[in-house]
Amino acid sequence: MANKEALRELQGRLAERLQEARELEQMMGWLAVEAAGYPFILPLTEAGEIFQPSTLLEVPHTRPWFLGVANLRGALTGVVDLAGFLGLRERVPAAVREQARLVAFNTGLDINAALLVDRLAGLRNADQLQPEPPPNEPLPAFAGLRCRDESGRVWQELRLSALARDERFLRMGQDV
């Protein structure tokens, strides 16, 4: 019970910091998340509200990474398992669901979608991350910067604005 309260408190603090960071547009900032153990950063200007996973209405004949539709603040929102979409896993393990969160896309991106991430890892700013050279393999258009933090961990930026235009992502609810 104490863990749930601590997680809710962390989520509240992150939401407050997310709002504060949006108001300080002079500095580039990211929401750091993990999916299947991989570190990702989402631009604060493109991320929306953070929600605790709620009841999902499953949609038949959809891709395995399309988890269903949730009612988020009165809007029907398609929920995508980020790790599943990226091919990092097939199903969300039950143990992950305790810490998992939904990160909605910013309303300015004009898409009712949210990503299920395994864990929130805080906020990052440009002072905390050093750019890394891109890998030799081709990356999708929604993959942005690669950055290394003080501990040596490399974070991959996911540009939600480009993801919202990705053809494969937009077909989330179509038959396989």
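In the predicted model, Val80 has Leu115 of strand 7 as its bridge partner. Strand 5 (residues 75-81) and strand 7 pair in the parallel sense, over four bridges. Within strand 7, Ala113 is the bridge partner of Gly78.

Strand 7 is mostly covered, with five of its five residues buried. Ala113, Leu115 and Val117 point one way from the strand, whereas Ala114 and Leu116 point the other way, and all are buried.

Strand 4 (residues 66-72) is largely enclosed by the rest of the structure, because five of its seven residues are buried. Strand 4 runs antiparallel to strand 5, and six bridges join the two. Gly68 stands opposite Val79 of strand 5. The two strands form a hairpin with two residues between them, and Arg73 in the turn has a positive phi of about 55°.

A second open sheet is made of six strands in the order 8-1-2-11-10-9, and its pairing is also mixed. Its edges are taken by strand 8 and strand 9 (130-132), each with a single partner strand, so one side of each is left without a neighbour in the sheet. The twist in this sheet averages 35° from one strand to the next. Strand 1 and strand 2 run antiparallel and are joined by six bridges. Val33 stands opposite Phe40, which lies in strand 2.

The largest nonpolar core comprises 30 residues, and Val80, Phe105, Leu115, Leu163 and Phe169 have the most contacts inside it. Elements giving two or more residues to this core include strand 1 (29-35), strand 2 (38-43), strand 3 (47-51), strand 6 (101-105), strand 7 (113-117) and strand 8 (119-125). Helix 2 (82-85) and helix 3 (160-163) are also among the elements that give two or more residues. In soluble globular proteins, nonpolar side chains tend to be buried together.

Val80, one of the residues with the most contacts inside the largest core, touches residues from several parts of the sequence. Leaving aside residues up to four places away in sequence, Val80 touches Trp65, Phe66, Leu67 and Phe85, together with Ala114, Leu115 and Leu116, and also Phe169 and Met172.

Note on methods. Residues numbered from 1 in each chain as written. Predicted model: local features only at pLDDT ≥ 70, side-chain atom pairs only at ≥ 80, totals over all residues. Heavy atoms only, no water. Core = buried A, V, L, I, M, F, W, Y, C linked by side-chain atoms within 4.5 Å. Buried < 20%, exposed > 50% of the residue type's maximum accessible area, 1.4 Å probe, protein only. Contact = heavy atoms within 4.5 Å. Pairing = 2+ DSSP bridges. Axes fitted to C-alpha atoms, helices over the stretch in contact; angles between N-to-C directions.
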